Amino acid sequence: MRHGKYPFVIGFLAAPVLLYSVFVIAPYAQAFQISMTNWRGLSAPKWVGFDNYRQLVEDHRFWQAIQHHLVLLLALPLITIAIALFFSFMLNVAGKSSGGKRSGVWGSGFYRVVFFFPQVLAVAIIAVLFQTVYRPNESGLINGVLMKIGLDPILFLVNPNIALWSILGVLVWQAVGFYVVLFSAGIASIPGEIYEAAEMDGATRVTLFFRVTLPLLWDTLQVAWVYLGIAAFDAFAVVAVLSVDNGGPDGATTVLALEIYRNAFTYSKYGYASAMGVALFFLTITFAVFTLRVTKRESVEY
Amino acid sequence: MGTQLTTTRTDQPDGPGPRPLPPVEKPRRRKRADRGEVSLLNGVGHLALFFWAVIVVVPIIWVFLASFKNTTEIFSSPWTLPAELRWENWGRAWTKANVGRYFLNSVLVVSCGTFLTMLLGSMAAYVLARYKFWGNRFIYYLFVSGLAFPVFLALVPLFFVVRNLGLLDTYTGLVLVYTAYSLPFTVFFLVAFFRTLPNSVAEAAMIDGASHTRLFFQVMLPMAKPGMISVTIFNIIGQWAQYQLPLVLVSSAKDKWVLTQGIADISVNAGYEADWSGLFAALTIAILPMIIVYAIFQRQIQSGLTAGAGK
């Protein structure tokens, strides 16, 4: 394998590395630098040190966004994983066992296909779909029904108290199916004998779930939590398209990504937007490291 | 684990081995309670599964039906079948609202983007996985580090890099950026995959006089097919769903907008123009092909996407 190795290696790596450096690495590196300037696109950028960060700390919108991330960070993984775990247990273990092989309840295959479907739709399309579902008058899917039976319409996206939760609902709606399939794959790799032995010992399904499925699925759950957490730090497309007034009403649903986008491409405050990007970066990294640390435990051998 | 399981063994009538003092009443009562619990769980479970399926399917069917209605029907009878099949709503969305254009743009950008991603990604991954050379580790980690960074951090500088290269508002710019941002995962996944391929076949091919390049394209790439398919699916779905990159990079060239951008824009305008049925038709045109493709390839799509997540 010696002959002509280096020309080959360089030939194969040149294009991908160049493309990646220009469009990914260079912008990431520049972002930190721009965040220290007062650049607004017209004149040359001036170095201002940590001024943007100082401004950030006093920015009401910034803290609003952080607060929403914290809500999403707790609620999105918790709700999604709880629902997906229950469903994947139903679809893989809760059925009759025959010949030592566990199976799901009736219709498992069908449910798995249907639940997963939102995953292949673009989030922006889903957001438009839910805009019509949530519409506040009789043309909305939910309020159309509510008003027909004489109830008051729910102002999903207009009422600042429930707007964020309406958006969270969409995120959960989209995510559940994926995690059902992910957990199903994890459950499928748990040997059937373990369930059999547990059942012989008189374990009920609830015990099976908490004593067998849950501990043996721990690694997959950890991955799911990190993925959902990172999703909770993004949520750009759904908020940008679905919320009224871009993160409104009055900032009730705004997220950092949206504030970055708005500051950069509406107000041309590039330095300030980049400072927000750096803040987002540190939040995401902190979250990932923190989660992996906290959820670390002896993985169960089987 | 074993100890945890055996602690629950107290009341099995026909469990193996000697049991201490089995009370006569207890096992039967426990069994009945068991069955009750099981049927309750199963009942609630079935109901929940069915309910969730309804929640997933109903909005889509509802949009599909509304795409044939007129505005009066949409407002007065949100939950009935349309009086007639008004295909003109679809026609209006396709041509007047430019959905056809956006759709073809998406197809063009995603097919070029995915092809380029797979070509460059597999080349880089192959070299990084199977050749020892100075800087190998460094380049590998350079690629993988891209997985950890939020795209929004790079958005502002990226905009200026693309503008300075004269690629703003072009298909080329979009394809190159899609490719660059798809590389970290593609390389990460495929490096792991190429490492698992056997050495013997490669050596045999080398002895037969194949060049490095030929070895890659004619031997290794075909062997890596399962991994390649998974990553291709992952990239197609990811690039098809892109919203923020085109929003920033082709914002002022409306004829180059992709589908997600176009539909989001139509939903804003539908209110002003009171063309609600046009919006529903546009949404349906965006959703329907995905349903069809998913229905055909659902097995590969599910395993492809979860293989990506499991790594």
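Val120(A), Leu121(A), Ala122(A), Ile125(A), Trp240(B), Leu259(B), Ala286(B) and Met290(B) line the largest cavity. The model is predicted. The lining of this cavity has eight nonpolar residues, with no polar and no charged ones. Chain B and chain A bury about 9300 Å² between them. No salt bridge is found across their interface.

**Cavities**
- Two cavities of 30 Å³ or more are counted.
- The largest cavity holds about 40 Å³ of space.
- Chain A contributes Val120(A), Leu121(A), Ala122(A) and Ile125(A) to the lining of the largest cavity.
- Chain B contributes Trp240(B), Leu259(B), Ala286(B) and Met290(B) to that lining.

**Second largest pocket**
- The second largest pocket holds about 770 Å³ of space.
- Its lining counts 33 residues.
- Nearest the centre of this pocket lie Gln131(A), Val241(A), Ala264(B), Ser267(B) and Val268(B).
- Helices of both chains supply the lining: α5 (123–133), α11 (236–242) and α12 of chain A, and α13 (259–273) and α14 (276–310) of chain B, each give at least two residues.
- The most comes from α13(B), with seven residues.
- By class, the lining of the second largest pocket has 21 nonpolar, nine polar and three charged residues.

**Interface of chain B and chain A**
- The size of an interface is often given as the accessible area lost when the parts come together.
- Of the area buried between chain B and chain A, 80% is on carbon and sulfur atoms.
- Leu49(B), Trp52(B) and Phe152(B) supply 8% of the area that chain B buries against chain A, more than any other three residues.
- The contact involves 106 residues of chain B and 102 residues of chain A.
- Eleven residue pairs are in polar contact across the interface, both residues being at pLDDT 80 or more.
- Helix α2 (residues 25–66) of chain B gives the largest share of the side of chain B that touches chain A, at 21 residues.
- That side of chain B has 79 nonpolar, 22 polar and five charged residues.

**Salt bridges**
- Side chains of opposite charge can pair when their charged atoms come close.
- Over all chains, the structure holds four salt bridges.
- One of them joins Arg61(A) and Glu259(A), with the closest N and O atoms 3.1 Å apart.
- Arg61(A) lies in helix α3 (residues 60–92) of chain A and Glu259(A) in helix α12 (residues 256–265) of chain A, so this pair ties together parts 198 residues apart in sequence.

Definitions and conventions
Residues numbered from 1 in each chain as written. Chains lettered and ligands numbered in written order. Predicted model: local features only at pLDDT ≥ 70, side-chain atom pairs only at ≥ 80, totals over all residues. Heavy atoms only, no water. 1 Å grid on protein atoms, 1.4 Å probe; cavity = no way out; pocket = protein on both sides within 12 Å on 5 of 7 lines; lining within 4 Å. Points joined across faces, edges and corners; volume = space filled by probe spheres on them. Nonpolar A, V, L, I, M, F, W, Y, C, P; charged D, E, K, R; others polar. Contact = heavy atoms within 4.5 Å. Buried area = accessible area lost by both parts, 1.4 Å probe. Salt bridge = Lys/Arg side-chain N within 4 Å of Asp/Glu carboxyl O. Polar contact = N/O pair within 3.5 Å; in protein donor to acceptor, adjacent residues only side chain to side chain. Helix = DSSP H or I, 4+ residues; strand = E, 2+ residues; numbered from the N terminus.
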